[in-house]
Amino acid sequence: MPAGNSMLISHESEIQDSLICETIDFLSFNGSLANQSVHEQVDMGPRTPGSNGSHSLRMYLLDHLRGWDLTFQNHQYKELNITNVEAVYNSGMGNIVVLMAHYDTRQLADSVLSNNESPPDGANDGASGVAALLELGRIIPELGLNHEIRLVFTDAEDQGNLDESKNVTSIPWATGSQRWVENLSQTEIDGISSLIVLDMIGDKDLDFGKTIPANNTLWDITQRLAKLMGLVESETDCDGELGEPVFDISDVNYITDDHVPPHNVGIPVMDIIDIRYGSEEVLSGHWHTENDTIDKVSAESLEKVGKLVELGLRLGMWSGSNSTSNDSNSNSSLSSNDPISDTSIENEENTYRLMIGLFVFLFILISSLAGAWVIFAEKQGEV
Ligand SMILES: [Zn+2]
């Protein structure tokens with residue numbers, strides 16, 4: 001039985017701000033190491049599906065995730081070889097928290113703002129999310145967590161809407177994530193308390209809104225943690241100082257990304273993605289251009305996001321959740337997998353069983369009393 005939304009909310013409400021603030025002092029996510037990883041990934045060249053760079057990236061993951069159980073999951077879509085990489089820690093223990101990032105880079109820098117269409121470096125769109133997952137992968141074994149964690153590095157997130165006349169292969173957005181979801185058993189789906197996607201999180205000028213489809217409770221938790229970390233404008237942090245404008249969940253945008261396939265099977269998801277990369281406009285600026293380069297990414301930005309995820313992990317805020325308070329305007333097919341429904345059905349069943357038990361008990365009691373009275377009356381008659 002997965003943890004219900006009530007468990008997430010009650011767990012979150014049990015956690016005092018003072019505990020969150022104490023925990024912030026212990027966070028160990030290192031933004032400099034993550035930024036170094038962005039450089040190392042970009043040095044491998046484009047990580048387009050099936051490329052040499054893509055292969056190098058997978059060997060790099062294998063090398064950096066010692067102590068984790070890694071599996072490579074191969075798929076074919078048109079002529080593209082797609083390989084998702086899944087790293088598991090604390091296998092089989094408690095709820096599952098999934099942290100996901102795409103490692104592929106786009107085959108063409110085909111934004112209208114591009115000057116040339118050679119494959120982009122993907123410093124932010126690709127490398128930043130992978131770098132954060134790797135740094136979390138380094139520190140998670142030291143956190144003493146009591147539940148399973150999966151780091152999922154998806155291939156083929158970013159190959160949608162390509163112009164095939166330019167000698168590239170266009171496949172749907174988030175194909176790797178879609179394949180990963182299709183490989184899950186229902187038991188695994190039910191056991192995932194939260195799935196957090198990190199994508200384009202390294203921009204020097206971070207600007208996160210709320211993305212949908214999503215699990216609202218996960219965003220509420222994120223906003224609370226961000227506020228106390230000083231990442232919400234005009235809100236006071238743990239030190240009583242006003243925060244900077246990094247998170248603003250009142251700004252809501254629908255985004256197609258790796259979170260959509262897991263959302264569609266009922267997994268509570270949240271996509272942390274900065275869709276204003278080098279521009280105030282949504283999905284403009286450096287996005288899908290030759291300007292998605294290492295100089296646009298900073299250690300400080302990677303550390304802000306990495307520490308927020310680490311904070312939620314340390315406080316059990318991601319594992320206490322299997323919430324489904326999803327947005328009504330999202331493409332959801334949640335009803336069949338809704339853990340809240342499961343919980344309420346089970347409660348109804350328990351109440352029903354209790355009533356039957358009580359009825360049977362009263363029936364036996366009344367029958368016994370009636371029988372005893374008949375015997376007594378007969379004996380009276382005999383006398
Ligand atoms: Zn992209």
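Which strands does helix α4 lie across? Helix α4 (residues 52–64) lies across β1, β2 (80–89) and β4 (148–154), and runs at about 10° to β2. Helices (H or I, at least four residues) and strands (E, at least two) are DSSP runs numbered from the N terminus; contact means C-beta atoms, placed from the backbone, within 7 Å. Axes are lines fitted to C-alpha atoms, for helices over the stretch in contact, with angles from 0 to 180 degrees between N-to-C directions.

Before going on, note that this is a predicted model, where local features need pLDDT of at least 70, side-chain atom pairs count only at pLDDT 80 or more, and totals for chains, interfaces and linings use all residues. Residues are numbered from 1 along each chain as its sequence is written.

Now follow the open sheet of 6 strands, ordered β1-β2-β4-β3-β5-β8 with mixed pairing (strands pair if DSSP finds at least two bridges between them). Its edge strands, β1 (69–77) and β8 (269–273), each pair on one side only. Strand β5 (residues 192–199) runs parallel to β8, joined by 5 bridges, and Asp 199 stands opposite Ile 273 in β8.

Helix α5 lies across β2, β3 (96–102), β4 and β5, at about 145° to β3. Look next at the largest nonpolar core, with 75 residues: buried Ala, Val, Leu, Ile, Met, Phe, Trp, Tyr and Cys joined through C-beta atoms within 7 Å, where buried means 20 or more other C-beta atoms within 10 Å of a residue's own. Helix α5 (residues 123–139) gives the most to this core, 8 residues. Leu 99, Ala 132, Leu 133 and Leu 198 touch the most other members. Leaving aside residues up to four places away in sequence, Leu 198 touches Leu 99, Ala 101, Gly 129, Ala 132, Leu 133, Ile 272 and Val 305.

Conventions
A residue is buried if 20 or more other C-beta atoms lie within 10 Å of its own, exposed if 12 or fewer, and partly exposed in between; C-beta atoms are placed from the backbone. Two residues are in contact if their C-beta atoms, placed from the backbone, lie within 7 Å.
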